[in-house]
Amino acid sequence: MIPGKVLVAYATRYGSTKDIAEAVSKTIREMGIETDCMDINSINPENLSDYDAFFVGSPLHLGKWLPEAKEFMQFRRDILNKKPVFIFTCGITIKDKTEHILKKAEFAIYEFSEYIKIDEKGFFPGKLTVSDLNESDSQIVRLAGVGEGDFTDTVSVIIWTKDIADKYFVDE
Ligand SMILES: Cc1cc2nc3c(=O)[nH]c(=O)nc-3n(C[C@H](O)[C@H](O)[C@H](O)COP(=O)(O)O)c2cc1C
């Protein structure tokens with residue numbers, strides 16, 4: 001299936017998941033496929049039927065997807081289940097791709113993978129600067145010992161996206 005239009009939907013607090021979403025969107029657009037890259041909070045559900053495939057991403061917060069991203073999966077599952085769905089998770093801990101870390105990141109998506117058919121999953125390291133966080137987030141990351149730094153890996157995002165396009169966006 002060559003999609004007419006693809007939606008890349010993301011949740012973010014500090015912009016790094018938006019950066020990943022934009023890299024996904026740019027990669028697809030460069031293949032000649034139309035894409036919209038949108039913050040989940042600004043998506044009009046009535047427009048979802050315009051899309052032939054969905055990328056949906058969220059950062060990890062205390063081991064979970066952000067609430068608006070989980071709600072998007074839950075409340076829009078009927079339309080999502082009719083189309084290919086590719087999800088990406090961003091987290092600072094994902095810089096260490098150990099089995100334990102990846103299992104924890106998998107657990108974050110377990111709750112909605114029960115009712116949504118997920119075609120592909122990507123896990124990407126994020127970016128965190130404690131001094132940029134609001135008061136409550138900075139307390140949480142200090143207490144949880146989340147760590148900080150910029151581990152953005154755009155090359156891996158582009159490769160992941162191209163692999164998906166090669167596998168799913170082909171003439172039948
Ligand atoms: C309150 C808070 C909790 C976080 N919890 C986790 C976590 O459980 N696991 C993890 O890998 N990263 C965690 N992070 C790091 C973020 O997932 C990471 O910085 C991500 O790149 C942020 O995405 P954003 O810039 O799109 O908001 C946390 C960050 C914050 C602010």
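This is a predicted model: local features need pLDDT of at least 70, side-chain atom pairs count only at pLDDT 80 or more; totals for chains, interfaces and linings use all residues.

Colleague: How do you know whether the radius of gyration of the protein chain agrees with that of a compact globule?

Modeller: A compact globule with 172 residues would have a radius of gyration near 16 Å; the protein chain has 16 Å, so the two agree. The C-alpha trace spans about 50 × 30 × 30 Å along its principal axes. Of the 172 residues, 34% count as buried.

Colleague: Which elements make up the protein chain, and in what order do they run from the N terminus?

Modeller: The protein chain has six helices and eight strands. From the N terminus on, the order is β-α-β-β-β-α-α-β-α-β-β-α-β-α. Among contacts between residues at least 6 apart in sequence, 79% join residues at least 24 apart.

Colleague: Why is Met-73 called buried?

Modeller: The cut-off for buried is 20 or more other C-beta atoms within 10 Å. Met-73 has 24 such neighbours, so Met-73 counts as buried. Met-73 is found in helix H2. Beyond its neighbours within four places in sequence, Met-73 is in contact with Val-56, Leu-80, Phe-112 and Ile-116.

Colleague: What makes you place the buried residues of H2 on the same side?

Modeller: The buried residues of H2, which covers residues 67-75, are Ala-69, Phe-72 and Met-73. They cover an arc of only 95° around the axis, and therefore lie on the same side of H2. The face turned away from that buried side carries the exposed residues Pro-67 and Phe-75.

Colleague: What covers the buried residues of H2?

Modeller: The cover includes strands S1 (5-10), S3 (53-61) and S4 (64-65), along with helices H3 (77-80) and H4 (99-113).

Colleague: What makes the phi of Leu-62 worth a remark?

Modeller: Most residues other than glycine have a negative phi. Phi of Leu-62 is near 50°, a positive value in a residue other than glycine.

Colleague: Why does Tyr-14 count as neither buried nor exposed?

Modeller: Tyr-14 has 15 C-beta neighbours inside 10 Å, and so counts as partly exposed. Tyr-14 is in the loop between S1 and H1. The C-alpha atoms of Tyr-14 and Glu-34, 20 residues apart along the chain, are separated by 26 Å.

Colleague: Which residues come nearest to the ligand?

Modeller: Of the 24 residues around the ligand, the nearest are Thr-17, Pro-59, Gly-91, Thr-93 and Gly-126. Helix H1 (16-29), S3, strand S5 (85-91), strand S7 (127-128) and helix H5 (135-144) each give two or more residues to the shell. By class, the shell has twelve nonpolar, nine polar and three charged residues.

Notes. Residues are numbered from 1 along each chain as its sequence is written. A residue is buried if 20 or more other C-beta atoms lie within 10 Å of its own, exposed if 12 or fewer, and partly exposed in between; C-beta atoms are placed from the backbone. Helices (H or I, at least four residues) and strands (E, at least two) are DSSP runs, numbered from the N terminus. The arc is that of the directions from the helix axis to the C-beta atoms. Two residues are in contact if their C-beta atoms, placed from the backbone, lie within 7 Å. A residue is near a molecule or strand if its C-beta atom, placed from the backbone, lies within 6 Å of it. Ala, Val, Leu, Ile, Met, Phe, Trp, Tyr, Cys and Pro count as nonpolar, Asp, Glu, Lys and Arg as charged, and the others, Gly among them, as polar. The radius of gyration is taken over C-alpha atoms; the globule rule is 2.2 Å times the number of residues to the power 0.38.
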